Amino acid sequence: MIIVNELSKSFGSRTLFDNVSAKFIPGNRYGLTGPNGCGKSTFMKILSGEIEASNNGTISRPKHVGVLKQNQFAYDNERIIDTVIMGNELLWQTFKERDALCEKPDLTEAEMNRLGELEVIIADENGYSAEFEAGEILRGIGIADDDHENLMSTLPTDFKFRVLLAQALFGGAEALFLDEPTNHLDLETIHWLEEFLASYEGALIVISHDRHFLNSVCTHIADIDYDTIIVYTGNYDDMVEQKMQARATIESANKDKAKKIAQLQEFVARFAAGQRSSQVQSRRKEIARLAPQELKRSNIQRPFIRFEQEKPSGREVLIARGISKGFDGKLLFDKLDLEIERGDKVAIIGANGVGKTTLLRCLMGELPVDKGTVKWTDNATWSYYPQDYHDEIKPGFTAFEWLMQFMKDEGQQYVRGILGRMLFSGDEAEKATGSLSGGEAARLLMGRMMMLKNPVLIFDEPTNHLDLEAVSALGEGLSTFPGTVFVVTHDRDLVSNVATKIIAFTPDGLITFTGTYDEYLEDHPLKPLANAKRK
């Protein structure tokens, strides 16, 4: 069990949470939620002991916890399978001490006794099956057996992250702290992780911007809001409903109290100077008792994302015939035919590194195709949301100044209106572009897309920096957009709620499918990753 008692954390004058007390019970799976910047990762680092709280609050945690580390390059000189086993620090140090003793030509009696003690620890920690267990987890996250003995430095960055996830999951930790574990995972691997966590018996605390993942995994939600952390029973959608109902109940009660107070105040005003002083005094006490419950402002905010098109494109937006593309002898896609019509919402899915971004860039003409042709309708102008926003949003501007560059003839008030919709109200609009968080930069880019009103929208991993409410708002905006959408994403809710066509990079080749994502899964169910090969 994890017990938190009167924990606080502040940065300067800003309070993230104050005097938080909570229990995280084994067998329960807690989603730690709240908007970008509310302190989720900070709270998790305090729980794991990585950083200190701002006060003398206390934390009681189990001896063995699994933590998803964020430095993908920390283990470059270690074997992949050893990196996983390091998730059980006691077992790993015991292995090292035993191996060092075994390398000695002669052992003293004390060393022989110590060797026996080490073997007992190894047995208690299931060390004799450690490599087997680590291998099972590595296969589950898509790293093939042939790679397990290789050094971490041989892996691309996204697969290093997978190994760090395997490290956290290894060894039967009594508690798991996972900060954005679905980053760098494809849909099949996320599905495997959900099944793994569903059978986990310890206390799980997980941060994720993947609503589908939270709804599938979590039994409780620990929500950071109102300067505290409130634990709700149920998954993320259950929490949102409970939170809205609780606030609505208080607001309704406050309205009833306000009406009653107005009646009492009228009585007091009429008879304060008369002979009914005892009744007046009674009414005054009743007014004090009926004081409305203070409603703190929630830090959950949802941007208002609505895309319009100034002029519709032609009916046949894009026709690609026999296009192929490869790099360094590796073919990413071959003889691909596409026919995209006005109003199609195309989701491009698949593992990292298989060619999704390359396909987008080929369709936009940023990269030449090796074979085939790509033809857009004459008036098919598009707005593009890149995976890396730094090339788009340069420092040296305010958010308002940056967005003003793309104004046509609507005026400053229109631009400020767009900024307000994207949560840059008041002084926030004057924030320097060089100091924007990932979520703020993402919302600013989408504000530009809303202003440009192009009939085609192209997104490359738009949810990477968005909180849950912003992802939901984006899904609503894309669903109601009358134009054409291309989106590369691993977010299943976004794909499920938006897509009408699927382009899927799979181990069996590229699949194009007309229909929703649920219909696609009926025809092409996700395959277990136990024998998956990393391409």
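This is a predicted model: local features need pLDDT of at least 70, side-chain atom pairs count only at pLDDT 80 or more; totals for chains, interfaces and linings use all residues.
Buried means under 20% relative accessible area, exposed over 50%, and partly exposed in between (1.4 Å probe, protein chains only).

Residues are numbered from 1 along each chain as its sequence is written, and side-chain values use heavy atoms, with hydrogens and water left out.

Side chains of opposite charge can pair when their charged atoms come close. A salt bridge is a side-chain nitrogen of Lys or Arg within 4 Å of a carboxyl oxygen of Asp or Glu.

| Salt bridge | N to O distance |
|---|---|
| D145 and R139 | 2.7 Å |
| D225 and K243 | 2.6 Å |
| E440 and K431 | 2.7 Å |

Let's start with D225 and K243, which form a salt bridge. This pair links distant parts of the chain, 18 residues apart: D225 lies in strand β8 (residues 220-225) and K243 in helix α9 (residues 236-271). Helices (H or I, at least four residues) and strands (E, at least two) are DSSP runs, numbered from the N terminus. D225 is buried at 0% relative accessible area, and K243 is buried at 10%.

In the D145 and R139 pair, R139 is buried at 16% relative accessibility, whereas D145 is partly exposed at 42%. For E440 and K431, E440 is buried at 10% and K431 is partly exposed at 25%.

Finally, a network of salt bridges links R79, D82, E131 and E149.
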